[in-house]
Structure formats: structure tokens, C-alpha cells
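Thanks for coming. I have one structure to go through this morning, and I will take it piece by piece.

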Amino acid sequence: MSNSKIILITGVSGGLGRNLAEVAAKLGHTVVGTLRKESQFEDFKNLVPGHTFPVKMDVTMEEERNKALEWILDQYGHLDVLINNAGFGLIGAAEEFSEEEARQQFETNFWGAALLTMAVLPHMREQGGGNIIQISAIGGFTPVPGMSFYGASKIAIEGLSDSLAAEVEPFNIKIMTVLPGPMRTNWAGASLKTPEKELEAYSETVGKFKGFLNSIDGKQPWSPYKTAEAIMEAAFSENAPFRFFVGDYALEHADEQMAKISKDLENFRELAQSTKIEEATV
């Protein structure tokens, strides 16, 4: 990247968000990171002194989103990059979740990112461009037992970004969705939430996947720092991908899922084509 940018990253208290902030700041960019607790501010300021600046924001709170964005624009006059990273993991069978638990997953992982995206778009259009990076997950693109509502919240932000990318292309606003696999963060450990209700019926499916996550916690061979480096390089490359699958785990599962989709397309192509009204001219 040839020039310094103003970058807003949500959810920088740890994990991938903090690593993204560190990588971007070390590249010379000014990084504003969102934190929900002011007690975390000093630590983030010291991450890369002179380049990392905290701002209070719970992405589910409209007033906090607006105040943070207003502060950035007052302070710097523009915002070049938004990285929607804030979110949390939730594992459990779909049947186990209460409506409140499922809705909270969407409030943070989808609506928080979607509404912040909508808030920055007018400013990016006015300034003639920008970059929006949406952090999704391979668990949204590929089916995993226990990731039903988590995966749905992630695939929802992908669906939004698909159409949005076409809408904002004329304004020189670029969107990249990132689908990382598991990394050595607290995502599979202390940060992972489960529903209050647990059904024995799902012990052989969801239960086994929970066991897998527990077994790899703290031992994942994928680095969040290297993942952050790859994301920043891909986002600002000449031919930036629209979807960026990161890590061999993500690539392998993406290949498997696309093979399944291709198989279904071919096996039922003739039947699918039989629905056309022959005399239609459109």
C-alpha cells in the first residue's frame, strides 16, 4: 500500500481484530479500533503507539456507532477502510436455542456489521471511494453441526455484501468478504457461547463437534497474525478477491462445498430446465 489510510476496525480487544489492528498500524496506517470498555483503551493505544487509537462502541448500539463515526470524521476528515470484525461464536443445535439467543447472534454478527456499513457508505460515496472488509467465516459457507445460527449470521453478511458490491462499484467502493478457518485465538475457548438448553438427542452430532473444538483450543496451527497479514495484502492487491478463503482448512472445506454444489447442479440440471415457459420471449 502506497499511502497511509484511516482504518476503522470493530472488535479489537483480542483475536483477529487485534491482530488486524497491529498489522495495519505497523504498515503505517492510522487504526481506530472499537472497544466496549474504556478500561481497555490504554492497552490498545500502546499496541502501536501513534498509530492505534481506541473508540468506545458496542456495534449493536446505534448511538455508539454514530458517535464513534462522528469522532473519526471530526478527527481525520475521512474514513478510508471499514473492517467489520466484531462478533462472537455460538455453538449448539438449532433446536436448542431460544429466540432471544438466536436474535442476539444476529444483532451482533449481522446487524451490527450491516448497520455500520450503511452508516459509512454516504461518507465513502462523497469522498469518492473506500474499502469495506467483512469478516465472515468458513463455518458460514460450509455446513457444520452446531453452527446453524452462527453460520446463518455469517452467510447473511455475505449475502448483503454480494448485492452491495454491485451497488457501490460505480462509487469506487470495494468490498471483500473474508472466510477464515479456525485460528489460535479464544474463539473456541473462553469466547465461545452455548445455549442454556442442551438436548441429549444431538450428542452424536453437535456434541462431537464441541469435543473437536475443545480438543484443538490453544493448539490450532493457524496464526491470527499471519491471517491478518494475508487479509491486508489481499484487500489492497490489484485484483482483490470478492471472497477470500484464508488457511488450508478453509480452502479444503470450500473445495468440498463447491464440489457438492456443482454435483447438484449437474445431477438436476435437466429437471431444473424443464420449468421454462416455451413461448416466453424475455
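This is a predicted model: local features need pLDDT of at least 70, side-chain atom pairs count only at pLDDT 80 or more; totals for chains, interfaces and linings use all residues.

Let's begin with helix α3, residues 62-76, and helix α4, residues 99-127. Their axes are 11 Å apart, and the angle between the two is about 35°. The crossing of α3 and α4 is right-handed. Which residues meet there? From α3 we have Arg 65, Leu 69 and Leu 73. On the α4 side they meet Gly 112, Leu 115, Leu 116, Ala 119, Val 120 and His 123. By type, the residues of this contact are six nonpolar, two polar and one charged.

Staying with α4, this helix has 29 residues. From first C-alpha to last, α4 reaches 40 Å, close to the 42 Å expected at 1.5 Å a residue. Where is the kink in α4 centred? It is centred on Trp 111, and it amounts to about 40°. After α4 comes Gly 128, which has a positive phi, near 90°.

Next, strand β5, residues 130-135, which holds Asn 131. Is Asn 131 buried or exposed? It is buried, because its relative accessibility is 14% and the cut-off for buried is under 20%. Leaving aside neighbours within four places in sequence, Asn 131 is in contact with Asp 80, Val 81, Leu 82, Met 124, Lys 174, Ala 235 and Phe 236.

Now another asparagine, Asn 172. Asn 172 sits in the loop between α6, residues 148-168, and β6, residues 173-180. Its phi is positive, about 65°, although Asn 172 is not a glycine. With a relative accessible area of 45%, Asn 172 is partly exposed.

The 21 residues of α6 should span 30 Å at 1.5 Å a residue, and the end C-alpha atoms are 30 Å apart, which agrees. Which residues of α6 are buried? They are Tyr 150, Gly 151, Ser 153, Lys 154, Ile 157, Glu 158, Ser 161, Leu 164, Ala 165 and Val 168. Note that Lys 154 and Glu 158 are on that list. As for partners, the buried residues of α6 pack against α4, β5, α5 (138-141), β6 and β7 (243-246).

Tyr 249 is in α9. In sequence, Tyr 249 and Pro 182 are 67 residues apart, while their C-alpha atoms are 7.6 Å apart in space. What does Tyr 249 touch, leaving aside neighbours within four places in sequence? The contacts are Ile 138, Gly 181, Pro 182 and Trp 222.

Gln 257 is also found in α9. At 16% relative accessibility, Gln 257 counts as buried. Not counting residues up to four places away in sequence, Gln 257 touches Phe 141, Thr 142 and Pro 143.

Now towards the start of the chain. Val 55 is in strand β3, residues 52-56. Val 55 has a relative accessible area of 9% and is buried. Val 55 touches Val 32, Gly 33, Thr 34, Leu 35, Phe 41, Ala 68 and Trp 71, again not counting residues up to four places away in sequence. Pro 195 is 140 residues from Val 55 along the chain, and their C-alpha atoms are separated by 30 Å.

Leu 35 comes up again with Gln 40. Gln 40 is in the loop between β2, residues 30-35, and α2, residues 41-45. Is Gln 40 buried or partly exposed? At a relative accessible area of 27%, Gln 40 is partly exposed. Beyond neighbours within four places in sequence, Gln 40 is in contact with Ser 13 and Leu 35.

Last, Leu 271, which lies in helix α10, residues 269-273. Leu 271 is exposed, with a relative accessible area of 57%. The C-alpha atoms of Leu 271 and Gly 129 are separated by 44 Å, and the two residues are 142 apart along the chain.

That is the end of my list.

Definitions and conventions. Residues are numbered from 1 along each chain as its sequence is written. Side-chain values use heavy atoms; hydrogens and water are left out. Axes are lines fitted to C-alpha atoms, for helices over the stretch in contact, and angles run from 0 to 180 degrees between N-to-C directions. Helices (H or I, at least four residues) and strands (E, at least two) are DSSP runs, numbered from the N terminus. A crossing is left-handed if the near helix is turned anticlockwise from the far one by less than a right angle, and right-handed if clockwise. Contact means heavy atoms within 4.5 Å. Ala, Val, Leu, Ile, Met, Phe, Trp, Tyr, Cys and Pro count as nonpolar, Asp, Glu, Lys and Arg as charged, and the others, Gly among them, as polar. The expected span of a helix is 1.5 Å times one less than its number of residues. The bend at a residue is the angle between axes fitted to the seven residues ending there and the seven starting there. Buried means under 20% relative accessible area, exposed over 50%, partly exposed in between (1.4 Å probe, protein chains only).
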